[in-house]
Amino acid sequence: MGSLFQDSSIPEIMPDPPEGVRFFPVRHHSPVCAYQLRNYVRGYQPELILIEGPENANDLIPVLTDEHTTLPAAIYYFYKDKKQYVSEEAEDYHCYYPFLYSSPEYAAMDEAKRLGIPARFIDLPYSEILIHTSESAGLRREQERHSYADDSHLVQSRFYQKICEKTGLRNFEEFWEKYFEIAGLRLTPEAFLRQMFTYCTLTRESIPPEQMEQDGTNAREQHMAYRIREAMQQYKRILVVTGGSHSGALARLVRTAVKPIRLHKFSEGQEGCYPIAYSYEAADALNGYASGMQHPGFYDKVTQALADAETSEGIYAACCLDLLTKTAKASAKKDIPVSISDITAAWSLAEGLAALRGSAEPGFAEVWDGVTGALIKGEKTVAAAVPLELLIQLGAGEGIGHIGDTKHVPPLIQDLIQTCAVLRLKADTAVPQETEISLFTGEKELAKSHFLHRMVFLGTGFCKRKKGPDLHAGKDRSRVREVWSYCRSPQVDAVLVERTTDGATIAEACRSIAAKRIRQERRCAIAAGVCVDCFLMGIALTGEDVTVMEEILAGDGDLFSLGKGLQYFDMLHELRQLYRAEDPSLLRYITQCFQALLIQLPSMAQCPAEQAQDCIRICRLLYGITGRLLTDRRAEFREALISLTERPDKEPSVFGAAMGLLYAMDAACLQQAEAAMQGYLMGSQEMRKQGALYLKGLFETARDIVLGESRFLEMTDALLSGMDHADLMEILPSMRLAFSYFTPSETQQIAEAVSALHGGKADQVLHEAALDELLCAFGAELDAEIFREMRANGGN
Amino acid sequence: MEQDLIKPPVELRYAEELSALKAADTGRRPENWKLSPKAVRTFILGGTVTLPDGQKRDISRKFYGNDALVERCIITLAGNRGLMLVGEPGTAKTMLSELLSAAICGRSTNTVQGTAGTTEDMIKYSWNYALLLSKGPCREALVPAPLLIGMEEGIFARFEEITRTPAEIQDSLISVMSDQILNIPELGDAGLVFARPGFNIIGTANTRDKGVNEMSGALKRRFNFETVSPVRDVKLEKEIILREANDLAKAGHIDCPIDRDVAELLAVTYHELREGQSAEGTKVEKPAAVMSTAEAVSVYFQTLCHAWYYGNGTMELPVLTENLLGAVCKENRDDLERLRSYFNTAVKQKSTREGGIWEAYFKTAAYLK
C-alpha cells in the first residue's frame with residue numbers, strides 16, 4: 001500500500017494532536033476498522049471515547065450496546081423545521097444512523113462498555129447539521145438525505161479514481177477490500193492507523209474547501225473540536241473515533257481555541273431520536289445507501305468470525321468459501337445445475353485471482369469473479385447471471401435487528417413486535433413474506449386482517465393486499481380470503497416512530513388519525529371512505545366522531561358525494577354481521593343520507609348526460625334501501641320519483657330508469673312508460689335517438705318490462721326499423737348497453753320474440769352462420785377484378 | 001521476417017516485449033508456462049517492467065475493456081478447465097485467445113478453425129496414408145492435429161468458432177478434457193497419449209451463431225465461460241481504431257498521416273448505431289449488421305488506403321461514408337435505410353450544433369445509395 005503513495009508531495013501525513021488525545025479515522029461499517037480499533041483501544045486504554053454522531057442521541061448509547069440488542073440497529077433522528085431555520089419550505093426531515101457489527105462506531109461503544117468508561121457522541125445535533133448545510137449539499141442532498149453516516153468524502157474523491165487507475169482495480173470497493181480490509185488485518189493497529197491517515201488526508205486534499213463549507217463539514221468539525229477540548233479539561237486519555245476525512249482536520253483544530261456553535265432551542269416533538277431495528281438490506285450501499293459498504297451481510301460475518309478467531313489469517317478465505325458454497329446451493333435451488341466440480345473451479349479461480357492480484361486471501365471481488373467464470377455457463381446475459389444475483393443477495397445479508405432495552409423502543413414498534421408475535425407474523429426478517437387469511441373462520445383471523453389493514457392505513461409500507469375483497473372499490477366482495485404480502489423494513493419502523501404522537505398502540509394511532517381525517521373533511525363520500533377503513537381495521541367511531549360524521553352528512557349538499565356515502569354505509573351495514581362489526585350509527589347515517597338524497601331526487605331529471613349513470617345508480621340504491629331497510633319510506637321515494645318524471649327537459653336515460661322503478665313498484669305504471677316511449681317514437685329524428693337512451697335507462701331498472709310485455713319489443717323494433725344507417729350507428733352503443741343488462745337466457749327469449757316479429761327463428765338472429773374467410777377474400781378479389789375490367793373498358 | 005508476412009503471429013509481432021517480460025519475470029509460473037500469470041497480465045494489459053540490468057521497458061496494452069476478464073482467463077488456463085470466450089463478432093475474442101497462447105505457450109498458431117466441415121481428425125490426428133500403407137499404423141505415419149500437439153507439447157490448442165462445428169465433433173473434446181488422455185487405438189499399447197502439464201484448450205464462440213450447433217451440457221461443464229463485450233467507451237474505441245489502423249498501415253507500407261478527427265467520427269458512428277441512441281439522446285434504429293470495433297478499423301483502413309493510392313494522402317469523408325455503407329449494408333437491405341436515418345437525425349443534429357467536420361460528414365449523406 002505504501003508504494004502507492006510514493007509520489008505524494010504531502011510531507012506529513014500523521015497528525016500531531018495535543019497530549020492526551022488520539023484520533024482514530026474509520027470508514028463506516030468497515031470490519032477492518034472495527035477490528036483494528038478494538039485492538040487499538042486495548043493498547044491505549046483510554047478514559048473516554050468520543051464518537052462522531054449527533055450528540056442528542058447520547059442517551060441511546062447504552063441501548064445500542066445492551067446485551068439483548070441485536071444488530072443491525074439504527075438511531076432514527078427527526079427534525080420538524082416549523083421555524084424555518086433550514087428553509088422556507090418548513091419541511092420535516094429524518095435520517096438514520098445505522099450500526100452493524102462491522103461498524104467501528106459500534107466497536108468503540110462496545111469497547112467503552114467493556115472498559116467501563118464513558119462513550120459520547122460529539123457531532124452537532126441533527127437539526128443543527130441541517131441548519132448549517134446548504135441546499136442540495138451534505139445531508140440535504142437527495143441521495144444522502146436519509147443517512148447520517150456519510151463516507152462520500154472517502155469514496156467520491158478524484159483521488160480514489162486515480163488510485164484505481166494506478167492499481168488496475170475496477171472500483172473503489174475492490175480497492176478498499178484489497179488494500180484495507182484484507183491487507184489491513186495483517187498490520188499492527190499503529191501501522192493501520194498510519195495507512196488510514198495517509199489515505200484519508202490525501203482524499204481530503206482533493207475536496208474543494210467551498211464544498212466543506214456547503215455540506216456543513218466546517219461547522220460540524222468546529223463543534224466536534226469544541227467538544228473534544230471540553231473533554232480535555234476532564235480526561236487525560238481520550239480516543240476520538242470519527243469518519244476518516246474528519247480526523248486529520250480535528251487533530252489540527254483542537255490545538256487552537258475553538259468557538260462554540262450557538263445551538264437553537266426546540267420545543268418537545270420538534271426534534272428527537274429513537275433506536276430502531278434496521279435491516280441488512282437497507283444498509284447495503286447497492287440499495288441506495290450510498291455511504292455504506294456493499295455486501296454488509298458478508299462483512300458482518302467476517303467481523304463476527306474475526307471476533308471468534310485467535311488470528312485474522314484465513315478468515316476471509318473461510319468466509320468467502322462459505323459464501324461461494326451458499327451461492328452454489330441457492331443456485332441449485334433455482335434449478336441451475338452446479339456441481340462440486342463447478343464450486344471447486346470457482347474457488348480455484350478465486351484463489352488464483354487473489355494471488356495474481358497480490359492479495360493475501362480472496363475477498364468478495366474474487367468470489368464474484370469465480371462465480372462469473374465457473375458458474376455461468378454460456379453467454380453472460382441477464383437470464384444466465386442468476387448465480388451473480390444470488391451472490392449479491394447473500395452478500396447483502398438478510399434479517400433485521402432487535403432493540404433489547406424496550407424502555408427506549410417507541411411504543412408503536414413494541415406493539416408491532418408484540419402483535420406480530422401473537423398473530424404469528426414474521427417481524428424479524430427483511431425477506432418478504434406472504435400470509436393468507438380466512439376472514440370469517442375465527443376472531444384471530446379477523447384480528448390479523450384488522451392489523452394488516454391498520455398498517456396500510458398508517459402508510460407504513462409494511463404490507464400489501466394481493467387478493468381479497470376490495471370494499472372501497474366495491475369489488476370482489478364475495479371473496480372470503482385475503483392474501484397479503486408483508487415485510488418489515490427500517491422504513492416501517494420510521495413511520496411508526498413518526499406516528500408515536502398519534503397513540504400508544506397501533507389501533508389507537510389509527511383511530512386518532514381516522515378521527516382527524518373525518519374532522520378535516522366536509523364531503524360525505526370521503527368521510528364514509530374513512531368509515532370503510534375503520535370497518536376494515538376493526539375500529540369503531542364513537543362519541544364525538546359520530547357527531548362530527550352526522551354534521552358532515554347534514555352539511556354536504558353534493559348529490560353524488562351523498563350517493564357514494566350512502567353506498568358505503570349500506571355496504572357496511574350489510575356486511576356488519578359477517579365482519580363482526582356491529583355499529584348502531586350506520587343505520588342513522590343511512591337514514592340521514594337517504595333523507596338528503598330524497599329531497600334532491602327530482603332535480604336529477606335535468607342532470608348532464610355524463611352524470612346520468614351516477615344518477616341512475618343512486619335511484620337504484622334508494623330503491624334497494626326502501627325495499628330492505630327503510631321500508632316505511634317507500635311511498636316517499638315513489639312520490640319523489642313521480643316528481644322527477646314530471647319535470648320538463650328530462651335526461652332520457654334517467655327518465656327511463658325512473659319509469660322502470662315506478663313500474664317495479666306499481667305495474668300500473670306500464671302505460672305511462674309505454675306512452676313515454678311512444679312520445680319518443682313519434683317525435684323528430686333527434687327525439688327518436690333519445691328513445692334509445694330512454695330504453696337503456698328503462699332496461700337497467702326494469703328489464704322484465706321487455707320480457708313480460710311484447711309491446712316494448714314492438715316499439716323497440718319500430719324505433720330501430722325507422723332509423724337510417726347513420727342514426728342507427730349513432731345509437732348503437734346505447735342500445736348495446738341497454739341489452740347488456742339481460743342474462744343469456746333472457747337474450748334467447750328476446751331473440752325468439754324478435755324473430756317471431758319478422759317470421760324467422762331465434763337461432764338466425766343470435767347465431768348467424770359465420771362467413772367463410774376464403775369466400776370473403778375471393779369476393780373482394782372478384783370485386784377488384786370487376787372494377788379493373790370496367791376501368792379498362794372505359795367505365796368509371 | 002515480420003514485415004514479410006501479412007499478419008505475423010502474435011509471438012512474432014511482440015517478440016521483443018515477450019523476451020523483455022521473460023527476462024524481467026520473477027513470479028511463480030505454472031509448469032510449462034513461458035511466463036508467470038502476472039507477466040502474462042502485463043503483456044496483455046500493458047505496464048512497465050524492470051529488466052535485470054535495471055532498465056525500464058514499457059509494455060503496450062493490447063486488449064482494452066475488462067481487465068478483470070483477462071485476469072480470470074489467465075487463472076482459468078492455469079487450472080484444469082478450458083477457457084471459452086463468447087461474445088458478439090468483432091469483440092477481439094480471437095485476438096485475446098492469440099495473446100494468451102503466445103504469452104503462455106510461446107505459440108498462438110496451434111489452432112483448429114471450426115466450420116461445418118470440421119471433422120474429428122482435424123482436431124485430434126490423421127494419417128499419412130502413404131506411410132500407413134507401407135508401414136502400417138505407427139507413430140511415424142501419424143499426422144498430429146492441434147489437440148494432439150497441444151497434449152504432447154504441453155501447450156494450448158485453440159479452437160476457433162467451436163459452435164460452427166457439428167455437436168458430435170465438439171463432443172470429441174469431452175473425454176480428452178476429462179481424463180487428459182487421448183487414445184489412438186490403431187497404435188495399440190503405444191497409443192495412449194497423456195497430456196503434459198501446460199496443456200489446455202481455448203475456445204471461441206460467436207453469440208450470433210447461437211443455436212447453430214449448441215454445445216452439450218457435458219462439454220460446457222468442462223469450460224469456464226467468459227463473455228467478451230464490445231468496447232463501450234467512445235474515446236477508447238477511437239484509440240483502438242487509430243492504433244490498429246496505424247499497425248495495418250505500417251504492415252502495408254502506407255505512409256499516410258492518421259486523421260484523429262475521422263477516427264472520432266467513425267467511433268461515434270459505430271458506438272451510437274450499436275447502442276441505438278446518439279449522445280444527444282436521439283433514438284436511432286440499430287442495423288442488423290455487426291457493428292464491431294474490428295469493422296470500424298476495417299472501414300478506417302480502407303479509407304486510408306484510398307487516400308494513399310488514389311488521393312493526395314488526406315482521408316476524404318465521402319470515401320469514408322461509402323466504405324461505411326459497404327460495411328453496414330451487407331445482408332439486410334433495411335440497413336441502408338437505418339444508416340440514412342442515422343445521418344438524417346443524429347449526424348444532422350451534430351452538424352447543426354458542432355459544425356466543422358460533422359457538417360462535412362452530414363453532406364456525404366448523398367453517397368448513401
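Predicted model: local features only at pLDDT ≥ 70, side-chain atom pairs only at ≥ 80, totals over all residues.
Helix 3 itself covers residues 104–115 of chain A. Its twelve residues should span 16 Å at 1.5 Å a residue, and the end C-alpha atoms do sit 16 Å apart, so the two values agree. Nine of the twelve residues are buried, which means the helix is largely enclosed by the rest of the structure. The buried ones are Pro104(A), Glu105(A), Tyr106(A), Ala107(A), Ala108(A), Met109(A), Asp110(A), Glu111(A) and Ala112(A).

## Chain A as a whole

Stepping back, chain A has 36 helices and ten strands. With 796 residues, the globule rule would give a radius of gyration of 28 Å, but the value here is 37 Å, well over that, so the chain is more spread out than a compact globule. Its C-alpha atoms fill a box of roughly 110 × 80 × 55 Å along the principal axes.

As for burial, 45% of the residues of chain A count as buried. If you take the contacts in chain A with a separation of 6 or more, 75% of them come from residues 24 or more positions apart.

## A three-stranded sheet in chain A

One bit of chain A to look at is an open sheet of three strands, in the order 4-3-7, with antiparallel pairing. Strand 4 (92–99) and strand 7 (271–277) are the edge strands, each pairing on one side only. On average, neighbouring strands in this sheet are turned by 20° against each other, direction ignored.

Strand 3 (residues 73–80) of chain A is joined to strand 7 of chain A by seven bridges, and the two run antiparallel. Within that pairing, Ala73(A) stands opposite Ala277(A) of strand 7. Helix 20 (residues 490–498) of chain A packs on the sheet and touches strand 3, strand 4 and strand 7. The direction of helix 20 makes about 140° with that of strand 7 of chain A.

## Chain B and its buried strand

Chain B comes to 17 helices and eleven strands, and its C-alpha trace spans about 75 × 55 × 40 Å along the principal axes. Of its 369 residues, 44% count as buried. Among contacts in chain B between residues at least 6 apart in sequence, 69% join residues at least 24 apart.

Strand 10 (residues 200–206) of chain B is worth a look: seven of its seven residues are buried, so the strand is largely enclosed by the rest of the structure. Asn200(B), Ile202(B), Thr204(B) and Asn206(B) point one way, while Ile201(B), Gly203(B) and Ala205(B) point the other way. Strand 3 (residues 82–87) of chain B runs parallel to strand 10 of chain B and is joined to it by five bridges, with Val86(B) opposite Ala205(B). Strand 7 (residues 156–160) of chain B also runs parallel to strand 10 of chain B, through four bridges; here Arg158(B) has Ile202(B) as its bridge partner.

## Where the chains meet

At the interface, 22 residues of chain B are in contact with 18 residues of chain A. On the chain B side, the elements giving two or more residues are helix 3 (37–45), helix 4 (67–78), helix 11 (217–221) and strand 11 (223–228). Helix 4 of chain B gives the most, with eight residues. By class, this side of chain B has eight nonpolar, five polar and nine charged residues.

Methods:
Residues numbered from 1 in each chain as written. Chains lettered and ligands numbered in written order. Rg over C-alpha atoms; globule rule 2.2 N^0.38 Å. Buried ≥ 20, exposed ≤ 12 C-beta atoms within 10 Å, placed from the backbone. Contact = placed C-beta atoms within 7 Å. Nonpolar A, V, L, I, M, F, W, Y, C, P; charged D, E, K, R; others polar. Pairing = 2+ DSSP bridges. Axes fitted to C-alpha atoms, helices over the stretch in contact; angles between N-to-C directions. Expected span 1.5 Å × (residues − 1).
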